[in-house]
Amino acid sequence: MAGIVREFVGLPSPLVGRAGAGGHPCQGVYHRPAGAAPTTAFIAAHYNVDFSEHYLAEHLAARGHGFLGWNTRFRGAEAYFLLDHALAEIGVGVRWLRERAGVERVVLLGNSGGGSLMAAYQSQAVEPNVTPVAGMRPVAAIEDLPAGDLFVALAAHSGRPEVLTNWMDPSVTDEADPLSVDPELDPFDPANGPPYSPGFQARYRAAQRARNERVTDWVLDQLDALRGTRARDRLFNLHRTWADLRMIDPSIEPSDRRPNRCYQGEPAKANYGVFGIGALCTLRTWLSMWSLRTSQCVAAPHLARVAVPSLVIHATADEGVFDSDARAVFDAISAADKRLELVRDGHYLPESRPLAADLIDAWVRAR
């Protein structure tokens, strides 16, 4: 788009130094209109996805705002994610907007998985509550984070452990064998559906939670076994995480989404492929990001501390965020001034980005 300035921003982290090749740990691209510096700017970050060229950056810059697509050092490095470290590095970006870009108002934009991450950031900024994962030192840099002034949740998931658990294939009987299967829980066995009976759905959901808990038990046992050894952590694989029944059976939470689709295409094929959330983890990353029992990446407790004006936008054809997820996010936000908008499109809004930008722009200007 003409008239938009794009500025690369590379900044130090309070936790790690620059890479040997010279790269800063914290990096992003600041989009702004040419001419006068904007007084309001957005910042968007994700657990591991590169948001530096976020699809709304140019659209919102064209409407007079700044937009910092921001990456912590965990971009492309999901296996090593630690929440408290990521929050400290998001704070680096927020401070840059206020102190260097001259922004008066900062809008935290939580898109996709970034919804719970940016909620955790605001939560920690207004009421410090995030603690280090087992065996890690406290991070002083998260004790005084600059808070955002507005909050936008866009096609946002309800939290990292919930997403993984809802998508998990609970028919896995051996975590070391990606082909192991309990036929009574196999979502791709025609004998079980679709359509899936209410009884099967209840057993399936309970088994998904049980699988998450079994992995947590194993992780804690492994950490105990490493005590006194030369190793402090280890990597492991997690198989088959494209099996949310809602992806397969459109009669469960009907919406505008395509049937039998997930973000990686057909669920049966994606589920046995090598690309999936949580596919590679360290023990401590599991505890920090994916465990139902220990993760602080659950959105609801953080959203309860989000009291600034908030906008939730739900894409009604989203293949992985469902109506109940969006409404749970909206309901959990404590702000008195909050609004829910629906856009008929898929997860990354391929057809309606200008519309979404117009919605956000009008909402921000009204405040």
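The model is predicted, so local features need pLDDT of at least 70, side-chain atom pairs count only at pLDDT 80 or more, and totals for chains, interfaces and linings use all residues. Residues are numbered from 1 along each chain as its sequence is written, and side-chain values use heavy atoms, without hydrogens or water.

**Stop 1: helix α5**

Select residues 198–226, helix α5. Helices here are DSSP runs of H or I with at least four residues, strands are E runs of at least two, and both are numbered from the N terminus. At 1.5 Å a residue, the 29 residues of α5 should span 42 Å, and the end C-alpha atoms are 43 Å apart, which agrees. The expected span is 1.5 Å times one less than the number of residues.

Now colour the buried residues (under 20% relative accessible area, 1.4 Å probe, protein chains only). Among them are Phe 200, Tyr 204, Ala 207 and Arg 211. An α-helix has 3.6 residues a turn, so residues three or four places apart point the same way.

Step just past α5 to Gly 228, with a positive phi of about 85 degrees.

**Stop 2: a pocket beside α5**

Select Arg 214, Val 215 and Trp 218, which are among the residues lining the second largest pocket. A pocket is an open set of points on a 1 Å grid, with protein on both sides within 12 Å along at least five of seven lines; lining residues have an atom within 4 Å of a point. α5 gives the most to this lining, with 3 residues.

**Stop 3: the largest cavity**

Select His 157, Trp 167 and Asp 325, among the residues lining the largest cavity. In a cavity, a 1.4 Å probe fits but cannot get out. Helix α4 (residues 160–167) gives the most to the lining, with 3 residues.

Technical notes: Buried < 20%, exposed > 50% of the residue type's maximum accessible area, 1.4 Å probe, protein only.
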